[in-house]
Amino acid sequence: MVNDSGQLYTMEGVAAGLVMLLTAYLILSTTSIYTPGDTHIPDMQLEQLGSDVLAMMDTPDTDGTKSDLEIFIGTNNDTDFNSTFLDYCNMMASDTDTLHMSANVTYRGEGDQIEEYLLVEPDETWTGRESAVRVTRWVQLNGNPPGIPSDIGASRPRAVLVEVLLWRA
Amino acid sequence: MFSIDFLVGFTIFMVALIAVASMVPGLLAGLQSSGIDYDAVAYRTGVILTEDPGWPVDPPWEMKDQYHKDEIERMGLAVSKDAPNILLSTKIEKFFNTSFFDPEDYRSKVIFGEIPYSYNITLRSRDWTYNHKVGQETPEGYGYIRRVVKIKEPSVAVIDEGFKNQYTISPGDNSITRTFTVRFDFNRLINLSIDPAYRIDPRTEPVNITITNFTAFLNGTASNATLKSVTFRRGSSSIPFPYDKNDTDYYTLRIDNSPDLYPPEPGVGVSSNISLVLKPAATSLFELGPTSILDIQFTFEDPDYPHTNITGIHYYDYNTTNVTRPALKPAVLEVAIW
């Protein structure tokens with residue numbers, strides 16, 4: 001029957017409906033609390049390490065000499081670049097880490113095109129859950145590095161970007 | 001019929017319900033993983049150790065003695081603010097000296113924070129000549145950072161027989177004593193155009209003077225020459241050197257490969273080599289500035305006739321024939337916090 005006493009039933013019904021909807025939403029939304037921030041810390045540690053290694057390879061051991069990095073890029077010595085880089089980044093106080101790397105060099109080609117060539121090939125290892133990180137360093141060279149295709153033109157002072165991909169496997 | 005009573009009451013109730021319901025997500029936001037916190041502290045500690053020279057920086061914190069330990073605000077190992085990841089050997093030796101620092105010092109001068117963190121800091125050079133550790137053993141889970149660094153070691157001036165022609169007396173010289181001087185011209189040494197990773201500064205690093213193949217400097221048939229004294233002068237005035245052979249924190253003087261240490265006035269015969277290491281604890285008290293000239297004089301005197309013909313001034317500077325600066329040594333620093 002339509003009369004005033006139905007108003008209380010209406011309010012009760014709406015409130016009950018809201019409570020049921022809220023509960024259902026809470027239950028559904030708590031099933032996956034995956035914060036993407038979880039991978040930031042291992043990524044940061046690896047990136048800091050890779051950046052340190054490139055900086056140390058770019059520091060000459062004696063005053064007035066060229067740094068290892070400049071020599072390796074200038075002579076396209078990928079074996080020594082690979083072994084020195086891995087030696088530095090796998091060094092631990094009482095153990096050895098299991099990091100792998102690949103590297104390429106980016107340069108400005110003919111007509112201002114950005115091109116790159118492979119310096120160290122990636123080995124066939126898989127990283128699993130942890131991401132790989134990318135660290136870079138600019139290297140100043142007096143002439144064209146041997147890795148650049150020779151049809152690029154006359155040798156001139158060049159700045160190239162060395163890019164290293166680093167992962168734990 | 002619509003009742004205003006009902007509508008108003010229902011509206012107020014709904015508004016209140018919606019307001020309370022919107023506060024519910026705030027109750028769930030209290031999730032915090034303390035593991036991330038330890039990694040951040042470890043990272044910060046790693047930055048302080050590898051990229052910061054510490055505070056105070058001049059005079060440096062590693063020169064403070066037991067009575068002034070409280071003046072150390074922060075312990076960093078870097079050579080200077082402009083040379084990150086290049087560590088100074090004297091700072092490393094002081095930092096890992098657990099008889100000087102206790103765990104509370106490490107917490108308040110390197111790690112910081114209100115919680116008393118447990119820590120483990122290790123430094124190892126690639127060739128294992130540096131292998132230092134401070135702190136407890138690491139548990140199963142901990143915050144961690146690893147930094148790759150290079151270590152700057154003290155320079156050495158080696159004066160061997162190759163210098164014989166340069167440092168021999170001229171034929172008409174009849175003096176009884178022979179004096180050989182090693183000169184530190186701070187105008188040349190404190191050269192800001194040289195990268196701090198390769199700079200020579202006797203006020204913060206030990207300096208090593210080694211005279212070898214001494215037979216080349218002996219006179220005729222003499223088998224040895226008596227080293228009467230090692231003296232120090234700043235410009236024209238002499239510097240008092242009140243240390244004896246046991247003050248190894250200030251200097252060490254060795255003669256002829258003997259394991260014994262000698263006082264500044266040894267009075268013994270030298271036949272093959274002399275090695276003097278002057279440490280910054282002594283040099284920093286000499287009141288030397290960027291324009292000072294420090295002379296270390298080796299005086300030889302024998303009762304019968306001069307047994308050696310050595311003389312001259314050897315400049316301790318950046319000339320690679322005069323002074324050898326060792327190559328930077330790669331190393332790894334690990335910090336664990338829990």
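Trainee: At what angle do the axes of helix α2 and helix α4 of chain A cross?

Mentor: Bear in mind that this is a predicted model. Helix α2 of chain A spans residues 40-57 and helix α4 of chain A spans residues 78-90. Their axes come within 10 Å and cross at roughly 125 degrees. The crossing of α2(A) and α4(A) is right-handed.

Trainee: Which residues of α2(A) and α4(A) make the contact?

Mentor: On the α2(A) side they are Leu49(A), Gly50(A), Val53(A), Met56(A) and Met57(A). On the α4(A) side they are Thr84(A), Phe85(A), Tyr88(A) and Cys89(A). Sorted by class, this contact has 7 nonpolar and 2 polar residues, and no charged ones.

Trainee: Now the sheet in chain A. What is the order of its strands?

Mentor: In general, strands of a sheet pair through backbone hydrogen bonds, either parallel or antiparallel. Here 4 strands of chain A form an open sheet in the order β2-β1-β4-β3, and the pairing is antiparallel.

Trainee: Which strands of chain A stand at the edges?

Mentor: They are β2 (114-120) and β3 (133-141) of chain A. Each has a single partner strand, so one side of β2(A) and one side of β3(A) are left without a neighbour in the sheet. On average, neighbouring strands of this sheet are turned by 25 degrees against each other, if direction is ignored.

Trainee: Over how many bridges do β1 and β4 of chain A pair?

Mentor: Strand β1 (residues 99-108) and strand β4 (residues 158-168) of chain A pair over 8 bridges, in the antiparallel sense.

Trainee: Which strands of chain A does α4(A) touch?

Mentor: Helix α4(A) packs on the sheet and touches β1, β2 and β4 of chain A. The direction of α4(A) makes about 130 degrees with that of β1(A). Helix α2(A), for its part, lies across β3 and β4 of chain A and runs at about 20 degrees to β3(A).

Trainee: Moving to the interface, how many residues of chain A are in contact with chain B?

Mentor: The size of an interface is often given as the accessible area lost when the parts come together. For this pair of chains, consider the contact counts: 23 residues of chain A are in contact with 28 residues of chain B. On the chain A side, α1 (6-29), α2 and α4 each supply at least two residues. The largest share, 8 residues, comes from α2(A). By class, the side of chain A that touches chain B has 14 nonpolar, 5 polar and 4 charged residues.

Trainee: How is chain B divided into domains?

Mentor: Chain B has domain 1 (34-153 + 327-337) and domain 2 (156-315). The centres of domain 1 and domain 2 of chain B, taken over C-alpha atoms, are separated by 34 Å. Between them, 12 residues of domain 1 are in contact with 8 residues of domain 2 of chain B. The domain 1 side of that contact divides into 8 nonpolar, 2 polar and 2 charged residues.

Trainee: What is the pairing in the sheet with the order β5-β7-β12-β10 of chain B?

Mentor: The pairing in this open sheet of 4 strands is mixed. At the edges stand β5 (156-159) and β10 (251-255) of chain B, each with a single partner strand, so one side of each has no neighbour in the sheet. Neighbouring strands of this sheet are turned by 10 degrees against each other on average, direction ignored. As one parallel example, β5(B) pairs with strand β7 (residues 207-211) of chain B over 4 bridges. Within that pair, Val156(B) has Asn208(B) in β7(B) as its bridge partner.

Trainee: Last, the backbone. Which residues does a cis peptide bond join in chain B?

Mentor: Most residues other than glycine have a negative phi, and most peptide bonds are trans. Here a cis peptide bond joins Trp55(B) and Pro56(B), with omega about 5 degrees. Another cis peptide bond joins Asp58(B) and Pro59(B), also with omega about 5 degrees. Pro56(B) is placed in the loop between α2 (34-51) and β1 (86-88) of chain B, and Pro59(B) lies in the loop between α2 and β1 of chain B.

Trainee: What is the phi of Asn85(B)?

Mentor: Asn85(B) has a positive phi of about 70 degrees, although it is not a glycine. The loop between α2 and β1 of chain B holds Asn85(B).

Key: Residues numbered from 1 in each chain as written. Chains lettered and ligands numbered in written order. Predicted model: local features only at pLDDT ≥ 70, side-chain atom pairs only at ≥ 80, totals over all residues. Axes fitted to C-alpha atoms, helices over the stretch in contact; angles between N-to-C directions. Left-handed = near helix turned anticlockwise from the far one by under 90°. Contact = placed C-beta atoms within 7 Å. Nonpolar A, V, L, I, M, F, W, Y, C, P; charged D, E, K, R; others polar. Pairing = 2+ DSSP bridges. Domains from an automatic or database assignment.
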